[in-house]
Every structure is written in structure tokens, then in C-alpha cells.
Amino acid sequence: GVPPGVYFRCLLLGYFEGIDSERGIDWRCNDSNSLKLFLGVPCDKPAPDHSTLSRTRRLIDLETHGEVFKYILKILANHDLIDGKTVGVDSTTLEANAAMRSIVRRDTGEGYQEFLTKLAKESGIETPTREDLAKLDKTRKNKASNDDWQNPNDPDAKITKMKDGTTHLAHKAEHAVDMGEKGHGVILAVNLCDAAVGDTATLADTLVLATENLAALKDDERVAGKVSDDFMDEAVLDKGYHSKQTMLDLEEMDVRGYASEPKRGRQDWDGQGDAQKAVYANRRRVEGDRGKKLLRSRGEKLERTFAHCYETGAMRHLYLRERENIAKRVLIHAAGCNIGIMMRVKYGLRKPRSHSGGHFGLFFPRLCSSWAAWKRSGRSWPARARFHTLHRSSNRLDGRRHRSPPHNRNSGFATGC
């Protein structure tokens, strides 16, 4: 086995190094002595392999992963990085570790090709070709319904249209992010949902999770004074969450909503007086100065967490199956994102992979100033430098690509190990 502390550090490294799979974490930790030092593993001993990480993940329940997430929230609250009064909620899709070509019928267990072949024979084609099956499939409606099809390898994954317009089996991750004036975009809760369910159906669960985490901070005497007393007082939402029932639910939860309203045209409010009041009150808030400011800050604080966790954090494509296993990994991934916020805001540090870019940003202005001083001096380049410059220019004109010698190429790792 592996100690829980080492296991959670390995998952945090998956975020900081941008590694999507546990095999990749295994390889990276065994490749670097500095990472072994971070894990608490002696340099002459191997780091935990991927099978050990997988077994440990199955043995540690989701509630324990949630407690680790809350513990990191308490550390951030101790550094005055959490306000908690205004919370923004948004969701994104994660591509599942399951292929569309492997889906089967829920009722009969038939594969997609077998089902199309049966339909073709019933329509009068005795020996259908691939062209016949493609033509028949093109004219069918609701051919990829989650009510009829599932993937036997990951039944929790649902057929979903992704952000780029393609169709894949996917899961949905919903974030609740601190968007208050004193907040810094800290992720307060992560809810892994059914990808086929609309945003309005999962909003309440995500708000409840965020409220529970903020209540846990208020119950801890060490950080109780660091969080706003009016936590979870406001919710900032996009158009996908706006509905009459959502506005009513927010009023019942005593949460002031700032939800962008889509253009639906004139509505009929007969017998829906309460819903009309809730929708109109939300409209007045959104059109005010504070509402516009909060909606503008969604891209800065709310949507940025998706870029950090799933783009640079490399979790857009999943290598795990079953919703509980994925939720464990995503939860610690979000905790790593929160640690990254603390490193940047309080200590001015960044993720290891961005250090090379930071060094170049410090060096480039000095290079420009040196070049300007050289031009003002009126001096010319040395003959040797002029020869190399002309030689490179002639290579480019001849269509040959100039390559630096192998010993001059930068072959170091991203972390400098």
C-alpha cells in the first residue's frame, strides 16, 4: 500500500505538471528526484506505481477526498483568500473514457452495427453494404438517444454534444467559485453530474455543496472570522441556468440571483405571479451596475477555473471510468487549482511549467534595452557575427532550415529536474 498523504500528493502533482493519467504520474514521479522529495519518498526507492495509485483510490472513499478538499479551503481562508458572499456557478463537459462505437442497446444489448443491419433487412435490403447502412442511419431521427443506448464499459457516461460541436460520451463538471470583491476565484465546490441533465436540474445540488463547505469553514474557530458572515448570499449564473423555477428556488433558498436572461419573447404569466416577481427582480438586478460588474467578472474568475483544471491541467479527456472514481480525481484536481491560486496571490509563485516563460519575460526587456543601447552607440557587429548572420539568411533563402547543434538544444524537463 501507499500512505494516504503520498497518494494525495501524487494526485496534486497531476494538476501541477498537467498529467492526465495515473500512468503518467507514475512515470513523472519516478523520473524526478525533486518530486520524490515532495512525496516524501527516498531517492533510492521507487515512487508509487499506477496500479498502487488505482488501488488506493478505490480504498479511500469520496467523503475522505472531500475532507481533503475542505482542509485546503481552510488553508486558503487562513490566508484571507475566501470571501464566500458571492458565488458563481458554471459547468463544462469532460470527455469520457468510452467510445461511441462501443455503445449497445439498453433493451437488447445489440451493438450499433447489428442494430442498423437488422433495420436494413426489415426494410427489404437482404445483404446491406456499408453505404446502405450509412444512408439508412442518416435519415433516422433520435439515433443517439441516451434512453436507448449506453456504453457497457462506463454506464455513467452519457451521449453529449461537446463544446466544439462534436458528439462524445461525456460527464459534466459543475464548479461553484468565490466571486466576491475580496475573493480570488477559489473553487468552493465541484459537482460531477450526469451530462444529459440540464444545468437548471443540477444547480441546487452544487449550491448545497458550496454552502456545506462554507459552513464547515465557519464552524472552524481558526478561520471562522476569515469568511463573510453572509456567505452564500448571492449567486451569479449564465443563461443556461435561467428559468422560472430556478428563480423561485433561489428565493426559497434566500439567495439573491444574478442570472443572465435569454431572449424568449413575451411570456404568459397567468397564474404565475410568484414566478413573475422572481424573474422581474432578477432582471432588475442584472441590469444594475453591480449585476453588470458581476457578470463581466465571470470570465476572469469563474471560467478561468475550467481552463486551469481541464486545459492546462489536462483533465478534459478522462482516463477513469465510473462517476465516483472520476469525482475523486476531479476533486483533488480542483484542490490543486486552489493551491495554485494561493501560490500566485500570496507568494508570487507559479506552476513549475510556467517558470521558463517567466524567466524569458524577465530577460526580454533587458535584451531590448541592451539592443537599443548598442544601436545608439553606432558600433557594428563583429565580423564573425556578421558571417553567421549572412550564412543563416542564405540558408533560409535556399530553403534549408538552420538547426542548432544538438549540444545547444534545450533538452531539460519542464520542472528543471
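**Rings and charges**

Mentor: Let us start with a cluster, in which ring pairs link Tyr-112, Phe-115 and Trp-149. Please keep in mind that this is a predicted model, where local features need pLDDT of at least 70, side-chain atom pairs count only at pLDDT 80 or more, and totals for chains, interfaces and linings use all residues. Residues are numbered from 1 along each chain as its sequence is written, and side-chain values use heavy atoms, leaving out hydrogens and water.

Trainee: How many aromatic pairs does the structure hold?

Mentor: Rings of Phe, Tyr and Trp (its six-membered ring) pair if their centres lie within 6.5 Å; planes under 30 degrees apart count as stacked, over 60 as edge-to-face and the rest as tilted. By that rule, the number of aromatic pairs in the structure is six.

Trainee: How many residues apart in sequence are the parts that Tyr-112 and Trp-149 tie together?

Mentor: These two form a tilted aromatic pair, 5.0 Å centre to centre with 50 degrees between the planes. Helices (H or I, at least four residues) and strands (E, at least two) are DSSP runs, numbered from the N terminus. Tyr-112 lies in helix α6 (residues 112-122) and Trp-149 in strand β3 (residues 149-150), so the separation in sequence of the parts they tie together is 37 residues.

Trainee: Is Trp-149 buried or exposed?

Mentor: Buried means under 20% relative accessible area, exposed over 50%, and partly exposed in between (1.4 Å probe, protein chains only). Because the relative accessibility of Trp-149 is 1%, this residue counts as buried.

Trainee: Which residue forms a salt bridge with Asp-233?

Mentor: Side chains of opposite charge can pair when their charged atoms come close. A salt bridge is a side-chain nitrogen of Lys or Arg within 4 Å of a carboxyl oxygen of Asp or Glu. For Asp-233, the closest N and O atoms are 3.3 Å apart, and the partner is Arg-256.

Trainee: In which strand does Arg-256 lie, in the pair with Asp-233?

Mentor: Asp-233 lies in the loop between α8 (199-219) and β7 (234-237). The pair ties together parts that are 23 residues apart in sequence, because Arg-256 lies in strand β8.
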